[in-house]
Amino acid sequence: MSNKPKFAMYWAASCGGCEIAVLNIHEKILDVDANFDVVFWPVAMDAKYKDVEEMEDKSILLTLFNGSMRNDENEKIAHLMRRKSQILVSFGSCATEGCVPGLANLFPVNEIMDVAFHTVTTDNPNNILPQTSFEVPEGTLHLPTMNSRVKTLAQVVDVDYYMPGCPPESHQIAAVVDLVIQVLQGKAQLPPKGSVIGAGNSTVCDECPRARNVKMIKAFHRIQEVAPLDPTLCILEQGVPCNGPATRSGCNARCPRVGAQCIGCYGPAEGVLDYGARLVTAFASVVDAKEPAEIESILDGIPDPTGQFYRFNLADSLMRASTSNWKKNGH
Amino acid sequence: MSENTPNKPKIGVYTCHCGTNISSMVDVENVRDWAKEHLGSEGVIVSRDYKFMCSSLGQELIEKDIKELGLERVVVAACSPHLHEKTFRGASERAGLNPYLTEMVSIREQVSWVHTDKVVATAKAKSLIAGTVERVAQNAPLEKLKVPINANTLVVGGGISGIQAALEVANAGFHVYLVEREPSIGGHMAQFDKTFPTLDCSACILTPRMVEAGSNPNITLLTWSEVVSVTGFVGAFNVTIKKKARFVNEELCTGCGICWEKCPKSVIDDVYEAGLGYRKAVYTPFAQAVPKYPVIDKPNCTFFQKGTCKACEKFCPTNAIDFNQKDEYLNVEVGNVILATGYDLFDAGRVTNYGYGRLPNVFTSMEFERMCNASGPTGGEITLRDGITKPQTVGIIHCVGSRDKNYNNYCSTICCMQSLKFAHLVKERTGADVYEFYIDMRTAAKSYDEFYQRVLDEGTLFVRGKVAEVTDAARQPHEKGKLIVQVEDTLIGKQRRIPVDMVLLSIGMEPRADAKETGKLFGISCSSDGWFMERHPKLDPISTMTEGIYIAGCATGPKDIPGSVSQGAAAAARVLDKILQKEVELEPIRASVNENKCSGCRICNNLCPFSAISFMPELGITRINPALCQGCGTCVAACPAGAISGTGFSNEQIFAQIDGILMGI
Amino acid sequence: MSEQFEPVIVGFTCNWCSYRAADTAGTARVKYAPNVRLIRLMCSGRLDPTFVMKALAGGADGVLITGCHPGDCHYIEQNYKALRRFLLLRRTLAGLGVEPGRIKLIWASAAEGLKLAHEINQFVEEVRALGPLNWPKWNDQPAEIDAVKEVA
């Protein structure tokens with residue numbers, strides 16, 4: 001074993017995009033290898049939970065933890081990594097705000113199971129559902145139990161830093177890696193605990209090159225309904241709900257630059273209590289109508305406001321889940 | 001006294017009995033003890049009750065605690081903050097505590113006076129107090145903003161109210177720009193013949209004031225002019241005034257009148273003569289006009305329409321006619337603005353059942369004013385539309401367009417007195433029989449009811465009831481050739497048909513057709529019926545929500561002449577007060593932008609009706625001008641980046657108040 | 001004796017019309033249901049949707065928002081902005097299962113104490129009919145997650 005500081009990366013309920021984003025830092029990954037001893041990274045190397053459990057507490061310097069808390073295994077490893085790590089980073093949108101898995105909080109768990117195993121697209125004539133424990137000759141096998149709702153990492157364990165994005169932009173990851181290395185070399189200091197790192201202080205518009213005017217919207221459209229989109233003008237001004245105004249900067253306005261509306265993966269700006277509320281008020285503010293009926297007809301252009309405003313943030317929002325979720329599942 | 005909780009400011013809670021107003025429905029002692037016990041962890045170190053917190057002894061209690069216990073926040077649970085917030089903030093300030101660190105809880109208006117169960121009411125009082133304790137902990141000390149005042153004043157509208165305002169300010173030695181959109185000042189009052197109840201000749205009392213305004217060196221008179229833009233804020237408004245082309249050089253014109261004498265084009269005078277008389281295409285509205293210079297009415301001038309004529313130019317002895325004159329734009333800096341933009345008359349043609357416009361001998365009140373006027377179109381003769389026949393019987397209908405849910409709900413206040421005046425004039429000049437058709441008689445001002453008595457004594461007949469119809473369709477021989485007034489006489493409970501020769505419609509007042517736009521221009525609002533809205537309908541009827549913008553006269557609602565004059569003078573007094581203070585203090589409830597967080601998304605850019613929000617294109621961010629900001633907080637609530645914060649009502653304060661109110665639920 | 005459900009309602013008023021309407025109701029001793037606890041804002045335009053969510057998530061069964069009548073706003077037209085936000089917020093909350101009837105926007109002028117009292121009574125009955133909301137108090141670890149983010 002080398003004397004290099006130890007590094008770990010874990011995925012809970014996630015898609016793997018965060019890991020790819022880390023690999024996308026290209027040759028910088030060699031710096032990681034040069035400066036760290038990678039002790040645990042299930043997606044990249046073989047390791048057992050047992051190995052981690054046997055490590056001394058706080059023996060891992062840096063853990064990038066991605067993925068949301070969907071089941072008891074996710075939570076168990078979250079606690080484990082917390083115990084073993086000095087710096088635990090909530091890495092990516094799933095860990096930080098629940099992300100797309102968090103949208104499951106709009107439904108009860110049994111309904112999610114139903115959709116997955118009983119709909120017409122599923123060939124399941126015998127109605128077999130996954131069991132959390134199953135007897136086999138060798139003994140009892142266990143599968144993780146679904147939580148009643150998806151939680152963020154910080155709702156389960158104490159988190160040191162947050163790094164938003166679905167996934168975090170590679171250049172931001174590279175910058176964070178650089179920073180940690182510099183801290184190790186005594187050339188820089190860590191930001192205060194609880195900080196958001198690898199992101200900007202403003203919102204996406206700050207980095208968006210599109211021209212912006214005073215906004216007065218008479219109708220909202222889906223992006224494919226507006227053709228061709230003016231490539232130089234603010235997307236929201238063209239009637240397409242763009243979450244950029246409320247979404248933390250740091251991605252360099254990646255989507256608006258290529259003609260797609262921001263969908264909000266970098267989450268809320270600094271100090272914002274509820275991300276969706278910011279979008280409710282922002283979009284309502286630019287509606288150009290005074291009569292309730294006309295306002296309602298303009299708002300019809302946003303057919304799924306809850307999905308529009310909470311695609312990434314529901315699990316971290318003030319409300320966290322819908323009544324159909326918590327009334328069935330308890331909480 | 002309990003120990004102070006670390007990280008929480010030291011808070012004192014003071015609960016008022018208000019005699020028994022509060023204590024009869026809220027267990028004040030219980031609230032006092034509860035606050036000490038349960039809110040101790042929230043920073044409350046002292047909780048007291050007192051019979052009358054607002055008394056000087058009550059206030060001293062607070063002051064003493066601030067000094068001796070080092071209180072950093074004060075919560076007074078008593079009446080509405082609209083009553084005593086100033087009182088208690090003043091007490092705190094005297095004791096050395098920033099006034100904005102003191103908050104009130106309304107447990108009288110919102111609890112003891114409106115609820116009936118003492119247990120429930122006490123619980124609600126506690127919940128409200130808990131909310132305010134949490135909120136006040138988040139309060140920040142605030143300082144009032146000080147803005148220097150430009151001593152110049154803009155008065156918009158040259159009716160009697162505006163003239164009065166302009167003279168008051170000018171006579172105190174300060175400069176006034178008096179803007180009037182008609183060619184002369186004078187307003188509606190210049191059209192009247194007599195004024196009620198004294199029967200003074202309107203022109204005789206008005207024209208000296210007009211001349212005074214026209215000649216006062218401190219007044220820049222800008223007639224035939226309109227305000228087109230206003231920027232800035234109290235103390236430093238920048239106003240652009242459009243001086244419409246008169247086509248008459250004011251430097252050269254002597255007002256001799258040869259031009260309008262020679263002008264071959266007669267035009268029906270819809271404004272001054274209410275459509276009863278004529279004027280020329282080059283004209284002054286009336287003989288005593290101030291200023292004396294005429295204007296050329298371009299759409300009606302033969303030269304402008306056909307290219308030839310120029311009679312006026314030919315005969316003008318001083319070469320003052322200038323067909324090439326262009327609209328001019330004047331930029332002036334003023335510290336305060338008085339809006340005295342007056343009213344429009346209700347369009348009598350809208351009440352089709354009264355036949356105005358269809359039945360020739362139905363007249364409006366303004367037509368009748370002009371008819372009575374010795375300098376008017378009939379030379380003061382009261383005649384039917386044919387200009388010859390004198391009426392034998394006249395019916396005067398009250399409340400036309402007023403107190404009527406089909407038109408305007410409000411009472412125009414002057415129509416009863418105006419109608420009585422008409423009755424008197426008709427009697428005096430023609431001896432005709434006069435009927436007054438009224439809903440209620442409203443003669444409630446000095447010497448008004450005495451005048452009513454006089455008209456009664458003169459033999460005018462009063463029929464109480466709303467007229468259903470005026471028609472010329474006779475049913476009886478004696479109705480032939482007459483106008484028949486169909487009315488339910490509610491005093492005898494019978495339908496009556498009263499044949500008359502002449503009907504006068506006492507038409508009401510309406511807000512100016514462009515009052516909304518004017519309001520928008522100056523950043524003030526109109527009430528639902530369209531009149532300019534006062535800061536407070538009772539206690540501050542001449543101020544508006546926008547600092548430095550005052551309102552006077554009928555622009556704020558129907559009024560008689562004394563009312564309009566008083567308001568003009570009152571607005572002027574307010575302006576003088578501001579000028580003499582040299583600077584004005586503004587409430588520090590303001591929004592501001594954290595420029596590091598602002599992304600320049602421009603969501604907020606259309607939200608401010610006071611133009612306080614502006615985008616800085618070179619910086620790519622938005623800024624808020626603190627002197628223009630009125631503190632409504634709409635932009636604070638709108639900012640998607642959370643980059644705008646508002647003092648006095650910050651997110652942290654409101655969040656804490658919500659938490660406090662829901663504590664224990 | 002059956003125990004009647006007493007809803008807890010948080011109300012937001014503007015400083016100029018609706019808060020004064022509450023004053024007017026008080027001065028006139030108009031009696032109304034004690035379930036609403038009012039929070040004063042300068043204008044209904046100050047109403048941040050977050051306030052409503054925080055109240056509902058914090059235990060309120062309903063939220064009442066009051067402002068000046070359209071056209072009567074002391075800040076010219078900010079109540080229209082409140083109206084737009086309210087309508088979009090109601091749609092958004094409906095997606096989370098909050099019945100639209102739990103949040104209500106009403107207009108009351110300073111003179112309309114009686115109207116405000118009547119509206120409060122009516123709203124209390126409407127929310128009572130909907131039953132308790134009982135939004136869960138999410139017992140997350142660590143407890144003060146939002147506070148941590150706020151400090152950041």
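**Notes on helix packing, domains and the chain interface**

1. In chain B, the residues B:Gln59, B:Ile62, B:Glu63 and B:Ile66 of H2(B) meet B:Thr87, B:Phe88, B:Ala91, B:Ser92 and B:Arg94 of H3(B), where contact requires C-beta atoms, placed from the backbone, within 7 Å. Sorted by class, this contact of H2(B) with H3(B) holds 4 nonpolar, 3 polar and 2 charged residues; here Ala, Val, Leu, Ile, Met, Phe, Trp, Tyr, Cys and Pro count as nonpolar, Asp, Glu, Lys and Arg as charged, and the others, Gly among them, as polar.

2. The model is a predicted one, in which local features need pLDDT of at least 70 and side-chain atom pairs count only at pLDDT 80 or more, whereas totals for chains, interfaces and linings use all residues. Residues are numbered from 1 along each chain as its sequence is written, and chains are lettered from A and ligands numbered from 1 in the order in which they are written.

3. As for the geometry of the pair, the axes of helix H2 (residues 56-69) and helix H3 (residues 81-94) of chain B come within 8 Å and cross at roughly 35 degrees, the axes being lines fitted to C-alpha atoms over the stretch in contact and the angles running from 0 to 180 degrees between N-to-C directions. The crossing of H2(B) and H3(B) is right-handed, that is, the near helix is turned clockwise from the far one by less than a right angle. Helices are DSSP runs (H or I, at least four residues), as are strands (E, at least two), numbered from the N terminus.

4. Chain B is assigned domain 1 (11-142), domain 2 (153-244 + 328-342 + 512-581), domain 3 (258-315), domain 4 (344-510) and domain 5 (591-647), with bounds that come from an automatic or database domain assignment. The C-alpha centres of domain 2 and domain 5 of chain B lie 32 Å apart, and their contact takes 5 residues from domain 2 and 6 residues from domain 5.

5. Between chains, 39 residues of chain B are in contact with 39 residues of chain C. On the chain B side, H17(B) gives the largest share, 7 residues, and the side as a whole has 19 nonpolar, 16 polar and 4 charged residues.

6. In chain A, 8 residues of domain 1 are in contact with 4 residues of domain 2, while 29 Å separate the C-alpha centres of these two domains. The domain 1 side of that contact divides into 2 nonpolar, 1 polar and 5 charged residues.

Note on methods. Contact = placed C-beta atoms within 7 Å.
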